[in-house]
Amino acid sequence: MKKLINGVESVLEESLNGFARAHSNIIQLNHQPHYVTRKNKPENKVALISGGGAGHEPLHTGLVGKGMLDAACPGQVFTSPTPDQMLMAAQEVENGAGVLFIVKNYAGDVMNFEIAAEMLDCPHETVLVNDDVSLPKNHSTGRRGVAGTLIVEKIVGAAAEAGADLAACKQLGDKVVNSTASMGVALTSCTVPALGQPTFDISDNEVEMGVGIHGERGREVMSLTTADDLVQILAKAIDEELKPTKDQRVLLHINGFGATPLMELYLVYDLAAQFFEERGIKIVRSLVGNYTTSLDMAGCSITLTLMDDEMLQYWDAPVHTAALRWGI
């Protein structure tokens, strides 16, 4: 294992310290327990809180700021944050309009956010993100929350910034989740520092189709083939799930897992755009880059969101975070 770290036990703390220094105009870092909060939060605004294991940067800490999250709770690498992190973060950023938790559908995240919510003495709601269509709807633990989480956080964050109340933010978040589907493919595994070796073995001529974002294996191992063939598989699964009609407006998001160059991600975008445009679907918004990563995994995911006027308005609204910035 070759990584730019001092030690396994200190990597998260030192990384968060650097993040806080680099973006001190946007966020502040709390120690013991760790959580990141937004600076200059407006009064009487619904507080949006998310979180998850480290290793997915810039999700979620990089999405704290104007127009998105008010707080993010990072756990250890690929490990759920603890209830006390979420509770203390919520208590710090709540200011009279209630709290909305945005939670990826992983057992640990769900359980710990539920515990925190039960202890929270203010109005609160939860939006559960489960956009990964590589798993069937009737999977024992449900579908995983992956790159679609960013879409939810951006659109609902803009609504909260505009003054939407807690019930409206919850309703909008659920609508975005139900309008979003994602699926990914990995070319390599990733190496968790505490493990010191790749989480799964994969040969140079294989890919993991339908991979998650925690180094877990995909739904099947396939022979490495062309980018066009791989995109066809991913896009077809998303198309069959969402069933977008002709002239449907969509947002197309190509997300890198951390070790795939932008040159390849834009190539994937071109292929995916061709797939959907050939079916009469209108791509009206795009996002390409490494946003929901899996440490040093090579590969990418495709996310499609069916958009309407309300969602487009909030997607375009100003945002100022470490990872997303426009309209400011």
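Author: Two strands pair if DSSP finds at least two bridges between them. Strands (E, at least two residues) and helices (H or I, at least four) are DSSP runs, numbered from the N terminus. This is a predicted model: local features need pLDDT of at least 70, side-chain atom pairs count only at pLDDT 80 or more, and totals for chains, interfaces and linings use all residues. Residues are numbered from 1 along each chain as its sequence is written, and side-chain values use heavy atoms, with hydrogens and water left out.

Reader: In which sense do E3 and E4 pair, and over how many bridges?

Author: Parallel, over six bridges. Ser50 stands opposite Ala72 in E4.

Reader: What is the bridge partner of Val36 in E4?

Author: Ala72 again. Here E2 and E4 run antiparallel, joined by two bridges.

Reader: And how many bridges join E3 to E5?

Author: Four; strand E3 (residues 47-54) and strand E5 (residues 99-104) run parallel. Leu48 has Leu100 as its bridge partner in E5.

Reader: What is the strand order of the open sheet?

Author: E1-E2-E4-E3-E5-E6, six strands with mixed pairing. An edge strand pairs on one side only: here, strand E1 (27-30) and strand E6 (124-129).

Reader: Which helix packs on the sheet?

Author: Take contact as heavy atoms within 4.5 Å. Axes are lines fitted to C-alpha atoms, for helices over the stretch in contact; angles run from 0 to 180 degrees between N-to-C directions. Helix H1 (residues 11-22) touches E1, strand E2 (35-38), E3 and strand E4 (71-77). The direction of H1 makes about 155° with that of E1.

Reader: How many residues of E4 are buried?

Author: Buried means under 20% relative accessible area, exposed over 50%, partly exposed in between (1.4 Å probe, protein chains only). In E4, six of its seven residues are buried.
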